[in-house]
Amino acid sequence: HEYALATLGGLLLTGCESIPRDPRKAFALFQEVLSRRPDYAFALTNLGEMLRFGDDGIEKNGKAAYHYFQRALDEDPENKAALEALAILFKAGSDFMPCDSVKSYNLFTKLLELDRYNHVALTCLAEHLLDTQEKDNIKKAVCFLEDALAVAPNHTPALAMLGNILRYEREDIPADRIRARALLEQAIKIDPEDDYALASLGEIYMRGTDDTAENPDLAFTLFQKAYELGNRSVFCLNHLAELLHRQKEYVRAQQLLADAYELDPNHPHTLYGLGINSYFFNNGDLEKARMYFEKVLEIDSNYYSALHYYSYMLSISPHHEDKVKACELFLRALELEPNDPSMLAEVANLLYFTIEPKDVPRALEYITKAIHLDEESVAFHVFFALVVVQEEIEELYHEAYLHLEKAVSLEPDNTQALYWLCRFLMYGTEHVQIDLERSKAIIENVLKTNPEDSEFIELQYELIEKMVECKISQKGPLETVKRFFRLLTST
């Protein structure tokens, strides 16, 4: 009787306390069932499962497994086991069938309609949604993963995937890095060879978080272990290379990047890493880096880090055309990240010092925005004041003075800020009173630290002249000249 044969096959396949597991006998029984009844879905599904993974004495055969699952689904379109198995096969692809994400997605969707709490379907559909990188889909993916973990709290793919998502701050999904680390550690505890979780946890220790200090050594160990497992080779090689680059081990980093390039010559992060490492490894040789950055931006014109660093390298090139291109790339990067203060400052610098004719209004616009985003940057405050003074924009003199006062309060030894602050105090403006004594104190303090500072030596003589003028108007010429002759000779 087919039902008895199939049921006995199922018992022998799983085994129990009183019946030892016997996969080969189970396999023979399922085949016997199909010889009598070729459309028996239960037997077809179990044969497919046994051939899909291989079993004791049964050789793995993905192609045969696929055909068994397909026949089972033809006979019973609501066969959940066959739906799940086929969806996974189409998702992974193989030598006999290409990966088909659309078919996989449709099969998982149908499975979820039949079984709302199928944790495998929920996790795999979440992965499909994440691949789209669309904001609404990412939010939906998080809901699917939360549902999957509610049903199966130890499902490692869902743990690792949700942990990875929660590492990043998103518009509608706040980062929760404490939970992210806990989920990834839980996944690794359950499956120490989960390369996805290992690599994601490696990134946490590589970058550091609010509650987790950077630990480059641990990060290196986690990436190395994930790489040895072999499933995320390029990803891990790139991060291992970045860690070595940080330690200025450029030769080792270059070798790992070359290995990653061999595996995938069009991987943007590999090309980016080669560009960065080539530049530093070859003492700032832009030409060796240029090829890689150009290729990165050809593949992904919105690769923010590549835009950022390539434009910076071009901005310090001695060639004017490189500086012009740097400005174009900085502006493209700002379209992606309009609130990056360092990028805004770089653009302001190029607009004022490099681009002909210089664009003073836009330079001031960009540096002002940079200051609003980062009020603690001394360089931003000084740059604003420098532009205003050099361009003699009188209506902004008071604002420039306030920026210099802020810069000095943040960094009392910043000579550039002190220099321009002295000039304001020596000559005054409509809103800034002359304070020669404070200027004198600042100059003497700087020269005490650096007696050879030519700018401040010249400024000191200028101050003496200014003080002479003031004293003549107060006390008369002879007494003042005598006094300042002594001051000049002592100086």
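Helix 18 has 17 residues and reaches 25 Å from its first C-alpha to its last. This span is close to the 24 Å expected at 1.5 Å a residue. The model is a predicted one. The buried residues of helix 18 are Asp322, Ala326, Cys327, Leu329, Phe330, Ala333 and Leu334. They pack against helix 16 (286–299), helix 17, helix 19 and helix 20.

Helix 19, one of these partners of helix 18, covers residues 341–353. Helix 19 has 13 residues. From first C-alpha to last, helix 19 reaches 18 Å, close to the 18 Å expected at 1.5 Å a residue. Its buried residues are Pro341, Met343, Leu344, Ala345, Val347, Ala348, Leu350, Leu351 and Tyr352. These residues pack against helix 17 (304–315), helix 18 (320–336), helix 20 (360–373) and helix 21 (378–390).

The crossing of the two helices is left-handed. On the side of helix 11, the contact is made by Asp195, Leu198, Ala199, Leu201, Gly202, Glu203, Tyr205 and Met206. Helix 12 contributes Pro216, Leu218, Ala219, Leu222, Phe223, Lys225, Ala226 and Leu229. By class, this contact has twelve nonpolar, one polar and three charged residues.

The second pair is helix 22 (residues 397–410) and helix 23 (residues 415–427). They pack at an angle of about 135°, with their axes 9 Å apart. Helix 22 and helix 23 are therefore oblique to each other. Helix 22 passes helix 23 in a left-handed crossing. In helix 22, the residues that meet helix 23 are Tyr397, Ala400, Tyr401, Leu404, Glu405, Ala407 and Val408. Their counterparts in helix 23 are Ala417, Leu418, Trp420, Leu421, Phe424 and Leu425. The residues of this contact divide into twelve nonpolar, no polar and one charged.

Terms used: Residues numbered from 1 in each chain as written. Predicted model: local features only at pLDDT ≥ 70, side-chain atom pairs only at ≥ 80, totals over all residues. Heavy atoms only, no water. Helix = DSSP H or I, 4+ residues; strand = E, 2+ residues; numbered from the N terminus. Expected span 1.5 Å × (residues − 1). Buried < 20%, exposed > 50% of the residue type's maximum accessible area, 1.4 Å probe, protein only. Contact = heavy atoms within 4.5 Å. Left-handed = near helix turned anticlockwise from the far one by under 90°. Nonpolar A, V, L, I, M, F, W, Y, C, P; charged D, E, K, R; others polar. Axes fitted to C-alpha atoms, helices over the stretch in contact; angles between N-to-C directions. Parallel < 35°, antiparallel > 145°, perpendicular 65-115°, else oblique.
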